[in-house]
Amino acid sequence: MFGVEKILHESTPFDTSTVISITVFISLICLCIIIGHLLEENRWANESITSLLLGVASGGIVLLIRKGQNSRILVFNEELFFIYLLPPIIFNAGFQVKKKQFFKNFSTILSFGVVGTLISFCLVSVGVQFLLKKIGLTQLSVNDYLALGAILSATDSVCTLQVLNQDDTPLLYSVVFGEGVVNDATSIVLFNAVQSLDLSNLSAMTALALLGTFLYLFVTSTLLGVFVGLLSAFIIKKLYLSRHSTDREIALMMLMAYLSYMIAELMDLSGILTVFFCGVVMSHYTWHNVSESSRITSKHAFATMSFISETFIFLYVGMDTLDIDKWKESNASLGTYLAVSSAMLSLILIGRAAFVFPLANILNYTKKNSDKKINFSTQFIIWWAGLMRGAVTVALSYNAFSGSVEVSNERSLMISCTLIVVLFSTLLFGTVTKPLIRAILGAPRHAVSYASDIPSLEYLDIPFLESQENQENPENQETNLNGDEEPRQRRGGFSLLMKYPTGAVHHIWRKFDNKFMRPVFGGRGFVTYEPASPTGAADISHEQ
C-alpha cells in the first residue's frame, strides 16, 4: 500500500509543496468567507480586516512550525497580482457601478481622483525625500522618492465602501467609490511614468515630460477600454449568440474584458483604466444584448470573481507581513522601522488633507444649489476613506524595490515599512470606520432626487440630435407671444447649459446615445424583444 502511494507521489505532475500551499490558501479563503458572514453585524470588524488578521495569524503559525525560518506559503509574484487578481476586481467595479450617479458626480470624482492624487503625489514625494534623509537614509535615488510618492498615494477604500450604502448616501458612495478606482489608476499611471523616465536631473522639461506621459497614458488607456467594450457589444448584437448557447455570450464578455487589460499592458498603458471603462461600456451596451440567463449569470459571476480576488489579496498581505527573510534583508533597528513608518503615515495624512478639504470647498463654490454641496462631515468621511492602503501599494512597492535592480538594505526597508503602513492603516482606520461613519451620518435615510431641479432641460434640444418625428411634431415647439412657433432651444438653452453644466451634458449625451450609439451597439430599449429577456425594471436598476 505504501509502495502504491510512493508510485502515485512520484508520478504526480505537481510539486507537493505547491499543492499544499494552494490547499491552505483555498481553505483560508473559505474560512474568511464563513467568519466574515458571522461578523456581518459586528460593529468593528469587516471582511477586509478579517482576511488581514487571518493572514497574520496563519503566517505566525507557519513561522512557528518552521521554527522561525520564514512564513512564506506562496512567494509574492507581481504577475499573479497584476495579471490574475487585479483585473477581475477593477472590471467588476466598472461593470457594477451605478452609471447615473457616477457620471453625475464625474467632475468631483475626477477632481479628487486625478488632481487630488497629483497633489498628494507631489507632497509625499517631497516629504519622503526630506524626512528619509533626516532619518539617515542615503542610498535612494530621485526615482525612488517619486516612486514612493506614487506608491503611498494609492488608496484602498474597501473598508469604507463596505459600510456605506449607495441608496442612502448616493453622493458620498459614488465619490468614495469613483475616487478609489480613479486614484488607483492614476497612481499606477504615475508610477509607470516615473519608472519610464530618467529623473536624475530634474528640470521644467522633465516635469512637462512627466505630465505629458501621464496624460498620454490616461487618455489612451480610457479610449482603448471604450473601444473594446463597444466592439464586444457590436459583435454580440450582430451575431446573436444566445440562439445556440448562452455560455458563449458570457465567455466572450469575460475574454474580451480580459483582452482589453492584456492589450493595455502589452502597449505599456494603464490596464486598470482600460478594464474599468471597458466594464462601464459593457454594462451600458453589451449586457443588454445578451439573454436573460446570461445577464443574471454574468452579473453574479463577475462579482464572485472580484470577491475571491479581494479576499485572496488581503489574506496574502497579512501573511506576508511576518516574512522573516524580508525583515532580515533590511538590517535596520526597531527605531528606524518606527521612524520611517511614522514618516510615511504622517505624509499620507497630510497629503490626503491637503487636497480633500481645499478641492471640496472649491467645488462647493461652483455649486449654486446648497443641497448638492459637500458639507464638512462628508468631506471628513472622504478624507478618512482614503487613509487606508492596500494591495496596490504592496504590489507597487515590490515592483519598485525588488526584482532585477540590486536590492540594498534601504530598498528592502522600504518594502517592510510599506507593509507596516498597510497593516497599521487597515487595522486601525478600518476598525474605527464602521462606528465612526455611523456616528457621523446617523440613521440611514433615503436620498432625495433632484431631477426636478432642472425641469426645463428639454429646451436644450439640439437639431442634429433630434429625431425627424420630433422636429416635425408641432407639439414639440413653443409658441411665442406673437403666436409664432419657435424651437425650444431658442429659449435660454445656452444659459441653461451654463447654469446646469452637469445635467445639461448628461441630457445631451442621452440624446446622442439614443440616436447614434444604441441603434448600432444595442442597449436597453434597442434590442429585439425575446421571451426570455428580463423586465424593464431589472434593466433600469442596472442602468442606474
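## Contacts of M414

M414 touches L132, L137, L140, L148, V340, M344, S397 and F401, leaving aside residues up to four places away in sequence. Contact here means heavy atoms within 4.5 Å. The model is predicted: local features need pLDDT of at least 70, side-chain atom pairs count only at pLDDT 80 or more, and totals for chains, interfaces and linings use all residues. Residues are numbered from 1 along each chain as its sequence is written, and side-chain values use heavy atoms, without hydrogens and water.

## Nonpolar cores

The largest nonpolar core has 122 residues; L86, F112, L132 and M414 touch the most other members. Helix α9 (residues 170-196) contributes the most, with 14 residues. A separate second core has six residues, among them L230, A233, V281 and Y285.

A core is a set of buried Ala, Val, Leu, Ile, Met, Phe, Trp, Tyr and Cys residues joined through side-chain atoms within 4.5 Å. Buried means under 20% relative accessible area, exposed over 50%, and partly exposed in between (1.4 Å probe, protein chains only). Helices are DSSP runs of H or I, at least four residues, numbered from the N terminus.

## Surface patch

M205, L208, L211 and L215 make a nonpolar surface patch of about 410 Å². Its residues have over 30% relative accessible area and no salt bridge, with nonpolar side chains (Val, Leu, Ile, Met, Phe, Trp, Tyr) joined within 5 Å. A salt bridge puts a side-chain nitrogen of Lys or Arg within 4 Å of a carboxyl oxygen of Asp or Glu. L208 lies in helix α10 (residues 204-239). L208 is exposed, at 54% relative accessible area.

## Cysteines

The disulfide count is zero, with the cut-off set at cysteine sulfur atoms within 2.5 Å. For C30, the nearest cysteine sulfur is that of C32, 9.2 Å away. C30 is partly exposed, at 42%, whereas C417 is buried, at 0%.

Terms used: Helices (H or I, at least four residues) and strands (E, at least two) are DSSP runs, numbered from the N terminus. Patches are made of residues with over 30% relative accessible area and no salt bridge: like charges are joined within 9 Å, nonpolar side chains (Val, Leu, Ile, Met, Phe, Trp, Tyr) within 5 Å. Accessible areas come from the Shrake-Rupley method with a 1.4 Å probe; for residues, only the protein chains shown count as cover.
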